[in-house]
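Dear colleague,

I am handing over the structure shown below.

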Number of protein chains: 2
Amino acid sequence: MKYTAHINVMPLKELLDPQGKAVNNSLHNLGLTSVNNVRVGKHITLQLEAASKEDADKLAREACKKLLANQVMESFDFTLTEG
Amino acid sequence: MKYTAHINVMPLKELLDPQGKAVNNSLHNLGLTSVNNVRVGKHITLQLEAASKEDADKLAREACKKLLANQVMESFDFTLTEG
């Protein structure tokens, strides 16, 4: 069965996020001064072929741990949808 | 009131995504051969101060259009949560 994983990889809250800081400043310069606490990470979608949702979950988690997220600096979460 | 916007910026479906292709190949090399159709985009979270959810929606949309997404090559979507 086909599943789609929607994965978010974000810098850990304890760490500085220079890209987010830069975006924050740029938004202020554009007049959007009510914006704060910007953090920038990655969003990854991928399709999986798996026998069950549990297997798909396992595969997506493995992909995150082995390649997509550097767990020293990043956290990840994902959701699975069918199709 | 405080809102958090969870924004996804993804390369348009019609366009090649070389980063996604590279991740796809790397996952195959790591033995995750059931993975396909990888696409890599950005995930941005930001906090907004707005009078209502409609205002927050408007602000987040403006941020996406003015800075976060290049609409020639990328599409965006977002959700808002309180707090």
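In this predicted model, 29 residues of chain A are in contact with 29 residues of chain B, where contact means heavy atoms within 4.5 Å. This is a predicted model, in which local features need pLDDT of at least 70 and side-chain atom pairs count only at pLDDT 80 or more, while totals for chains, interfaces and linings use all residues. Residues are numbered from 1 along each chain as its sequence is written, chains are lettered from A and ligands numbered from 1 in the order in which they are written, and side-chain values use heavy atoms, leaving out hydrogens and water.

About 2,500 Å² is buried between chain A and chain B, with carbon and sulfur atoms giving 66% of that area; buried area is the accessible area (1.4 Å probe) that two parts lose on being put together, summed over both.

Chain A is superposed on chain B by a rotation of 180° with 0.0 Å of shift along its axis (RMSD 0.0 Å), with copies fitted by least squares on the C-alpha atoms of residues with pLDDT of at least 70 in both. That is the relation of a two-fold axis. The same surface serves both copies, since 100% of the contact residues of chain A recur in chain B.
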